[in-house]
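Please open the structure in your viewer and keep the selection tool at hand. The tour below goes stop by stop, saying what to select and what is found there.

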Amino acid sequence: MQLLQKFNVIGALYKALHFFVTKNRGRSFRQKVFSLLHPTPTSGPLHRYIDHLIILSVLVSVLSIIFETITEVRAVFSTEFKLLEVVTVTIFTVEYVARVYSCCELPQFAHPIKGRLRYMMTISAMIDLLAISPFFLDMVLDKNFDLRFLRVFRLSRLLKLTRYTGTLNTLFKAVQREHRVLLASAFMMLLLVILTASLGFELEHDAQPDKFESIPASMYWAVITLASVGYGDISPITPLGRAMTVVISLIGIGIFAIPAGLMASAFTDQLRIDRETFENEFRKAIADGRYSSAERHVMDAEAERLHLTPQDVNRIIERVHQEMRSVGHDVTEGLDPEVMMERYRQQISALRGMAHGKSADQIDALLRNEAKSTAAERAIWQTLREK
């Protein structure tokens, strides 16, 4: 069974590599590198395999960093941890160099020098650089400086997963779309925190000068009270202070719940918008007759980003087909000859019914007018009338 599984993996890799080589024949090396790192019509499954390799490398690297902090484990597997670090950093370095090299394929980074510099200043590129820089700085400067604090930055490799997580992209879009409402909500919370801290200071300063020393010091108590956490290390003891805390806590439940409700609603709306956009893109591809196997790979990658199951995608495809059939579009052209043949039979059957129906003589008269019909149309009609 293990041998069969290995052969299946090798076979899948071989098919993906063969598809990639076939589709990218004649393209430049930079275009091929770009197709490996980005979903394009010529990427195929090989692009997904590379993504999975990078994701696996990130997870292995982060887990090794975590377990390396356990003294007993580090004493036994110190050599393995160093080897894993070298391997994963090598993968991340190759990825970073390849992305900088191939970014010129994107229109906004088309210039060979300025474009690459502009790409290196993007957030995703800086995350990639931050993921590998501690390793190389430690190699160069370890003898002269204590760089143990750089180990913390190695955990920033988790941020690399944001590139492969469509949910976070949807969340960023939702925040960007609703940023004004979120800022207004944050402003309301800030005012409430300042008001609560001020009241707490005025009511409790005389009774607890060490805990409610000033308004800034009281803000800690205000935040944990409004957030309904209440650690208990700071609490009012005066009657007025306790009464005010009850009122403020009830208000805080509503005020602090506003951003959560806004984010949930915005996230749901953004996900719906992205899925509608996906469906419209699919409809446009079908209408333009460019829904090839390569286009299907791109659509599959987008569906995966939107967390659409194959069943969801099939339902969207069927719905689009039905909608376009209802408006007379040939949605099967170039895709499924059997379906095209079935449609052809249906149309012939409908024409045969017209040829022997009540309006047949009127259609006959219209077809005799050569200005309103072609010879082929008249020949087909005559054949149907004779049968």
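A residue is called buried when its relative accessible area is under 20%, exposed when that area is over 50%, and partly exposed in between. The model on screen is a predicted one.

Begin by selecting Phe109 and Tyr119, both of which are buried by that rule.

Next, turn to the aromatic pairs, of which the count comes to 4. One of them joins Phe29 and Tyr101, whose ring centres lie 6.0 Å apart with the planes at 45°, so this pair is tilted. Because Phe29 belongs to helix H2 (residues 29-37) and Tyr101 to helix H4 (residues 71-102), the pair ties together parts that are 72 residues apart in sequence. Colouring by accessibility would show Phe29 as exposed, at 58%, and Tyr101 as partly exposed, at 32%.

Now return to Phe109 and Tyr119, which form an edge-to-face aromatic pair, with 5.5 Å from centre to centre and 80° between the planes. Phe109 sits in the loop between H4 and helix H5 (114-120), while Tyr119 is in helix H5, so the pair links parts 10 residues apart in sequence.

For the next stop, select Leu63, Ile66, Phe67, Ile70 and Leu155, which together make a nonpolar surface patch of about 420 Å². Within this group, Phe67 is in helix H3 (residues 45-68) and is partly exposed, with a relative accessible area of 40%.

Finally, select Thr238, in the loop between helix H10 (215-226) and helix H11 (239-287). Is Thr238 buried or exposed? Its relative accessibility is 17%, so Thr238 counts as buried. The side chains of Thr238 and Glu204 are joined by a polar contact of 2.4 Å, and, neighbours within four places in sequence aside, Thr238 is in contact with Leu203, Glu204 and Ala207.

How values were computed:
Residues are numbered from 1 along each chain as its sequence is written. This is a predicted model: local features need pLDDT of at least 70, side-chain atom pairs count only at pLDDT 80 or more; totals for chains, interfaces and linings use all residues. Side-chain values use heavy atoms; hydrogens and water are left out. Helices (H or I, at least four residues) and strands (E, at least two) are DSSP runs, numbered from the N terminus. Buried means under 20% relative accessible area, exposed over 50%, partly exposed in between (1.4 Å probe, protein chains only). A polar contact is a pair of N or O atoms within 3.5 Å; within protein, one must be able to donate a hydrogen and the other to accept it, and residues adjacent in sequence count only if both atoms are side-chain atoms. Contact means heavy atoms within 4.5 Å. Patches are made of residues with over 30% relative accessible area and no salt bridge: like charges are joined within 9 Å, nonpolar side chains (Val, Leu, Ile, Met, Phe, Trp, Tyr) within 5 Å. Accessible areas come from the Shrake-Rupley method with a 1.4 Å probe; for residues, only the protein chains shown count as cover. A salt bridge is a side-chain nitrogen of Lys or Arg within 4 Å of a carboxyl oxygen of Asp or Glu. Rings of Phe, Tyr and Trp (its six-membered ring) pair if their centres lie within 6.5 Å; planes under 30 degrees apart count as stacked, over 60 as edge-to-face and the rest as tilted.
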